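Please read the points below alongside the model.

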Amino acid sequence: IMTPGDLPAGWDQRGGTDGFAMRYRQAYGEPPGEAAALGYHAARRLDAAIRPLDGVTPRAELEAALRITQSGFQW
């Protein structure tokens, strides 16, 4: 089970995450809520963990990669 990661500071404002917030506003006409940001963050964490392994095995490496991205993950 993957626990939610910490959202980066300023995720809902201009800054490092402006790309996500801007695209969300363009798509839905309103700023993203915390649930949308958490979903995006989880998807990015999964991508960052799975892509280098080219899959979900070996499991120990996948779990380690998910732990690394739990806090401080830049998106």
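How are H2 and H3 oriented to each other?

1. Helix packing. H2 and H3 are oblique to each other, where angles under 35 degrees count as roughly parallel, over 145 as roughly antiparallel, 65 to 115 as roughly perpendicular and the rest as oblique. The axes of H2 (residues 34-50) and H3 (residues 59-68) cross at roughly 135 degrees and come within 9 Å. Axes are lines fitted to C-alpha atoms, for helices over the stretch in contact, with angles from 0 to 180 degrees between N-to-C directions. Helices are DSSP runs (H or I, at least four residues), numbered from the N terminus.

2. Basis of the model. This is a predicted model, in which local features need pLDDT of at least 70 and side-chain atom pairs count only at pLDDT 80 or more, while totals for chains, interfaces and linings use all residues. Residues are numbered from 1 along each chain as its sequence is written, and side-chain values use heavy atoms, with hydrogens and water left out.

3. Handedness and contact. H2 and H3 cross in a right-handed sense (the near helix is turned clockwise from the far one by less than a right angle). On the H2 side the contact is made by Arg-45, Leu-46, Ala-49 and Ile-50, and on the H3 side by Leu-62, Ala-65 and Leu-66; contact means heavy atoms within 4.5 Å. By class, six of these residues are nonpolar, none is polar and one is charged (Ala, Val, Leu, Ile, Met, Phe, Trp, Tyr, Cys and Pro are nonpolar; Asp, Glu, Lys and Arg charged; the others, Gly among them, polar).

4. Salt bridges. There are two salt bridges in the structure, each being a side-chain nitrogen of Lys or Arg within 4 Å of a carboxyl oxygen of Asp or Glu. One joins Asp-47 and Arg-51 at 2.7 Å, N to O. Asp-47 is partly exposed at 33% relative accessibility, whereas Arg-51 is exposed at 60% (buried is under 20% relative accessible area, exposed over 50%, partly exposed in between; 1.4 Å probe, protein chains only).

5. Arg-59 and Glu-63 pair at 2.6 Å, N to O. These two residues are separated by about one helical turn, because they lie four residues apart in helix H3. Arg-59 is exposed, with a relative accessible area of 58%, and Glu-63 is partly exposed at 33%.

6. Met-22. Helix H1 (residues 18-28) contains Met-22, which is partly exposed at 38% relative accessibility. Met-22 and Pro-32 are ten residues apart in sequence, with their C-alpha atoms 8.9 Å apart.
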